[in-house]
Amino acid sequence: MATRDIYETSFDEDVQTNSSTNPCPECDGRVTTNSVETICEDCGLVIEEQRIDHGPEWRTHDQDQRKRTGAPLTAARHDRGLSTEIGRWKDANGNELSGRKRQQLSRMRREQTRGRFQSKAERNLAHGLGEVRRIASVLELSSSVRDQACQLFRSAQTEDLLRGRSIEAIAAASVYGVCRCNGHSRLLDDVVDAARVEQSRVTNAYKTLNTELGLPAQPVRPSEFIPRLASELDVPAYIRQRARRLAEQSESTGVASGVKPSGFAAACLYKAGREEGQWLTQAEVAAAASVTATTIRSHRDTLEDQVA
């Protein structure tokens, strides 16, 4: 039985099949040629294989967004990831470079560094995006959140919000603002610890971004901090669930409005631990939430009045 009778064939717009007048050298069967290879339809012998790929060189199937092959563009780099890296010690094959070649590459690398930025604004953008990437790496944020923070920093520079402010503060505020917009339970203290700037500057920079750019940041609820604090305090799952119910009940009644959400979440964990027989100290719960023990006691009394 011939190969064409065994395998099901269908129309493929990317494959153009042409019949050849030359018979198969093995069985004298019919020979066809497509964009990949020349085969015999009777015995399946591959007579010739085309090593050149004649297919499209686009990276996407969307006709309106076709781009050429290569690394994808990223907002985390000032040049969108189109920069060139010059090696130091080895060539592309892994062989050691001679001293003369290393000196030549060193001069090329120096000239590339000098001509990397076309203006002071581009230099500030590169410095700010590097700071955003560093903070996102320390906080172990995802690449999508990092790219959003970089895009927010670009928007801040476009709106001329960097004038008179620290680049590091705007970078840290961009990371914190994106975390707020995506609902991530990140404290401002966590971002400040990863940044190289004072907390007051980061706070002022975030207020500026929120006011001038209109960030869609929603109010943070205490229940969002329960998993993070419970994981840090290493409490069992049943205490975490009880604390989450307390926090959600307080949110529905409006008791948790106008308070620091991390402190109220820590108080919920503290009360849930006492109810379930696991005595968490006020000091360790307050340290995990970056609040004082007095705040924990105050919110605990509020929760007890609510339950009563």
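Because the model is predicted, local features were considered at a pLDDT of at least 70 and side-chain atom pairs only at pLDDT 80 or more, whereas totals for chains, interfaces and linings use all residues. Residues are numbered from 1 along each chain as its sequence is written, and side-chain values rest on heavy atoms, with hydrogens and water left out.

The pLDDT, which is the predictor's confidence in each residue on a scale from 0 to 100, averages 79 over the protein, and 81% of the residues score at least 70. Among the elements, the lowest mean pLDDT, 48, belongs to helix 1 (residues 3-6), and the highest, 91, to helix 5. The pLDDT is below 50 over residues 3-17, a stretch that has 18 contacts in the model beyond near neighbours in sequence, a contact being defined by heavy atoms within 4.5 Å.

The protein comprises twelve helices and four strands, assigned as DSSP runs and numbered from the N terminus, with helices (H or I) of at least four residues and strands (E) of at least two. Of its 308 residues, 34% count as buried, where buried denotes under 20% relative accessible area, exposed over 50%, and partly exposed the range in between (1.4 Å probe, protein chains only). Of the contacts in the protein with a separation of 6 or more, 58% are accounted for by residues 24 or more positions apart.

Nonpolar cores were identified as sets of buried Ala, Val, Leu, Ile, Met, Phe, Trp, Tyr and Cys residues joined through side-chain atoms within 4.5 Å. The largest such core holds 37 residues, of which Val-132, Ile-135, Leu-139, Leu-141, Phe-153, Val-175 and Leu-209 touch the most other members. At least two residues of this core are supplied by each of helix 3 (120-138), helix 4 (143-158), helix 5 (167-181), helix 6 (188-194) and helix 7 (199-213). The greatest contribution to this core is that of helix 5, with ten residues. Apart from this core lies another, of 28 residues, with Ala-265, Ala-272, Leu-280 and Leu-303 among them. When neighbours within four places in sequence are left aside, Ile-135 is in contact with Ala-171, Ala-172, Val-175, Val-191, Ala-194 and Ala-195.

A search of the whole structure for aromatic pairs, defined by rings of Phe, Tyr and Trp (its six-membered ring) with centres within 6.5 Å and classed by their planes as stacked under 30 degrees, edge-to-face over 60 and tilted for the rest, finds one pair. The rings of Tyr-176 and Tyr-206 have centres 5.0 Å apart and planes at 75°, and the pair is therefore edge-to-face. Distant parts of the chain are linked in this way, since Tyr-176 lies in helix 5 and Tyr-206 in helix 7, 30 residues apart. Both Tyr-176 and Tyr-206 are buried.

Ten salt bridges were counted, each requiring a side-chain nitrogen of Lys or Arg within 4 Å of a carboxyl oxygen of Asp or Glu. One of them joins the side chains of Arg-30 and Glu-41, at 2.6 Å from N to O. Because Arg-30 lies in the loop between strand 1 (18-20) and strand 2 (31-33), and Glu-41 in the loop between strand 3 (37-40) and strand 4 (46-49), the pair ties together parts that are eleven residues apart in sequence. Arg-30 is partly exposed, with a relative accessible area of 42%, whereas Glu-41 counts as buried at 16%.

A salt bridge is also formed by Arg-163 and Asp-160, whose closest N and O atoms are 3.2 Å apart; Arg-163 is exposed, with a relative accessible area of 63%, and Asp-160 is partly exposed, at 41%. Lys-271 and Glu-275 likewise form a salt bridge, with the closest N and O atoms 3.3 Å apart. These two residues are separated by about one helical turn, because Lys-271 and Glu-275 are four residues apart in helix 10 (residues 261-275). Lys-271 is buried, with a relative accessible area of 11%, while Glu-275 is partly exposed, at 37%.

Zero disulfides were found in a search of the whole structure, a disulfide being a pair of cysteine sulfur atoms within 2.5 Å. Cys-27 is in no disulfide, and the nearest cysteine sulfur, that of Cys-40, is 3.6 Å away. Cys-27 counts as partly exposed, at 35% relative accessibility, whereas Cys-150 counts as buried, at 0%.
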